[in-house]
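Visitor: Could you walk me through this protein model, one spot at a time?
Guide: Gladly! Have a look at it here, and then ask away.

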Amino acid sequence: DEFAARSVENDIIVQSKRYICDNIRKGPTVSMTAKSIPVSPGYLSTIFKKYTGQTVVEYIRKQKLACAKDYLRHGDYSITQIAQLLSFSSVHYFSKQFKNEFDVSPSEYAAALKKE
């Protein structure tokens, strides 16, 4: 029935979010996430968008950037190291994504934290 299907789909969303969170430093992909459940990448993508309003790729990107913010807050890593830790293709790409998400560059964010 529809309730059971919704429950299974909800379970898949919960499992996929947990997998992404637990593996954020490994640079999770849609196919890696789907394989961990296991469901097909297409099915995961469809229900993820249906229930969360965002794609799996968008969710992974947002989680990586939230994690980057934490790393910057703790001050243990340089911006270059954070980009590498979170599997961004380059520090330039990481900085661009960070600025698009938070309206401030990683270096501006780090500098603002030091003033607090």
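Visitor: Is Ser87 buried, partly exposed or exposed?
Guide: Good place to start, and please keep in mind that this is a predicted model. The relative accessible area of Ser87 is 36%. Buried would need under 20% and exposed over 50%, so Ser87 is partly exposed.

Visitor: Where does Ser87 sit, and what is its phi?
Guide: Ser87 belongs to the loop between helix H5 (79–85) and H6. Although Ser87 is not a glycine, its phi is positive, at about 60 degrees.

Visitor: Is Asp103 buried or exposed?
Guide: Asp103 has a relative accessibility of 67%. The cut-off for exposed is over 50%, so Asp103 counts as exposed.

Visitor: And Thr33, is that residue buried or exposed?
Guide: Thr33 is part of helix H2, which runs over residues 30–36. Its relative accessibility is 0%, and anything under 20% is called buried. Thr33 therefore counts as buried.

Visitor: Which residues does Thr33 touch, leaving out those up to four places away in sequence?
Guide: Let's stay with this buried threonine, at 0% relative accessibility. The side chain of Thr33 also reaches the backbone oxygen of Thr29, at 2.7 Å. Leaving out residues up to four places away, the ones Thr33 touches are Ser16, Tyr19, Ile20, Pro28 and Leu44.

Visitor: What is the omega of the peptide bond from Ile37 to Pro38?
Guide: Pro38 is located in the loop between H2 and helix H3 (41–52). The bond that joins Ile37 to Pro38 is cis, and its omega is near -10 degrees.

Visitor: Which element gives the most to the lining of the largest pocket?
Guide: The largest pocket holds about 180 Å³ of space. Two elements give two or more residues to its lining, helix H4 (56–74) and helix H6 (91–102). With five residues, the one that gives the most is H4.

Visitor: How many charged residues are in the lining of the largest pocket?
Guide: Among the lining residues are Glu58, Arg61 and Lys64, along with others such as Pro28, Phe88 and Gln97. By class, the lining has five nonpolar and three polar residues. The number of charged residues is three.

Technical notes:
Residues are numbered from 1 along each chain as its sequence is written. This is a predicted model: local features need pLDDT of at least 70, side-chain atom pairs count only at pLDDT 80 or more; totals for chains, interfaces and linings use all residues. Side-chain values use heavy atoms; hydrogens and water are left out. Helices (H or I, at least four residues) and strands (E, at least two) are DSSP runs, numbered from the N terminus. Buried means under 20% relative accessible area, exposed over 50%, partly exposed in between (1.4 Å probe, protein chains only). A polar contact is a pair of N or O atoms within 3.5 Å; within protein, one must be able to donate a hydrogen and the other to accept it, and residues adjacent in sequence count only if both atoms are side-chain atoms. Contact means heavy atoms within 4.5 Å. On a 1 Å grid over the protein atoms alone, a cavity is a set of points where a 1.4 Å probe fits but cannot get out, and a pocket is an open set with protein on both sides within 12 Å along at least five of seven lines; lining residues have an atom within 4 Å of a point. Grid points are joined across faces, edges and corners, and a volume is the space filled by probe spheres set on the points. Ala, Val, Leu, Ile, Met, Phe, Trp, Tyr, Cys and Pro count as nonpolar, Asp, Glu, Lys and Arg as charged, and the others, Gly among them, as polar.
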